Amino acid sequence: MANVFVVEDDLTLAQIYKQNIEAGGHQVEIIAAEKAVEEIKAKNPNLVLLDILMPVNGLDILREIKNDPQSSDIPVLLLTNVAENESISKGLEYGAYGYLLKSETTPNTVLSRVNRTLEETSPATP
């Protein structure tokens, strides 16, 4: 079981992601964008799902997380409606593990991507 943070300003969508990811056996916390950096550094989740377009820019949150050695190794998946190459490439340049376009993603797809990302980024156990 992993601890997953969802940083998303659309609370209805965040709840849908939370329910689906919890159904997959993980713990999920919905975190306000304004407190995201502080909460991520304090609680060190296994994975962060991060929206880009929020009152607080998700790319700024990503950059701050990835520039701090305390949180730089936490994988971040961008959840976004922004299909612009510039936003996606900036997110990947800042250290995002990957991204999902909300318009092309079902809640079950999110769980599948969460599980795959956790498998790919978890330290190997002896």
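# Helix packing and the sheet in this model

The structure is a predicted model, in which local features need pLDDT of at least 70 and side-chain atom pairs pLDDT 80 or more, while totals for chains, interfaces and linings use all residues. Residues are numbered from 1 along each chain as its sequence is written, and side-chain values use heavy atoms, without hydrogens or water. Helices (H or I, at least four residues) and strands (E, at least two) are DSSP runs, numbered from the N terminus.

## Helix pairs

The table gives the geometry of the packed helix pairs. Axes are lines fitted to C-alpha atoms, for helices over the stretch in contact, and angles run from 0 to 180 degrees between N-to-C directions.

| Helices | Angle | Axes |
|---|---|---|
| α1 (residues 11-23) and α5 (residues 107-121) | about 55° | 9 Å apart |
| α2 (residues 36-43) and α3 | about 30° | 10 Å apart |
| α3 (residues 58-66) and α4 (residues 85-94) | roughly 15° | within 9 Å |

α3 passes α4 in a left-handed crossing, a term used if the near helix is turned anticlockwise from the far one by less than a right angle, and right-handed if clockwise. In this pair Leu59, Leu62, Arg63 and Lys66 of α3 meet Ser87, Lys90, Gly91 and Tyr94 of α4. The contact has 3 nonpolar, 2 polar and 3 charged residues. Ala, Val, Leu, Ile, Met, Phe, Trp, Tyr, Cys and Pro count here as nonpolar, Asp, Glu, Lys and Arg as charged, and the others, Gly among them, as polar.

α2 and α3 are roughly parallel to each other as well, but their crossing is right-handed. On the α2 side Ala36, Val37, Ile40 and Lys41 take part, and they meet Ile61, Glu64 and Ile65 of α3. By class these are 5 nonpolar, no polar and 2 charged residues.

The crossing of α1 and α5 is also right-handed. α1 contributes Ile16, Tyr17, Asn20 and Ile21 to the contact (heavy atoms within 4.5 Å), and α5 contributes Pro107, Asn108, Val110, Leu111 and Val114. This contact has 7 nonpolar and 2 polar residues, and no charged ones.

## The sheet

Five strands form an open sheet with parallel pairing, in the order β2-β1-β3-β4-β5. Each of the edge strands, β2 (27-30) and β5 (98-101), has a single partner, so one side of each is left without a neighbour in the sheet. On average, neighbouring strands are turned by 20° against each other, direction ignored.

Two strands pair if DSSP finds at least two bridges between them. Strand β1 (residues 3-7) is joined to β3 (residues 47-51) by 4 bridges, and valine 7 stands opposite leucine 50 there. Another 4 bridges join β1 to β2, where asparagine 3 faces glutamine 27.

In β1, 5 of 5 residues are buried (under 20% relative accessible area, with exposed over 50% and partly exposed in between, for a 1.4 Å probe and protein chains only). In a regular strand the side chains alternate between the two faces of the sheet. Asn3, Phe5 and Val7 lie on one side of β1 and Val4 and Val6 on the other. Helix α1 lies across β1, β2, β3 and β4 (76-80), and runs at about 170° to β2.

Note on methods
Parallel < 35°, antiparallel > 145°, perpendicular 65-115°, else oblique.
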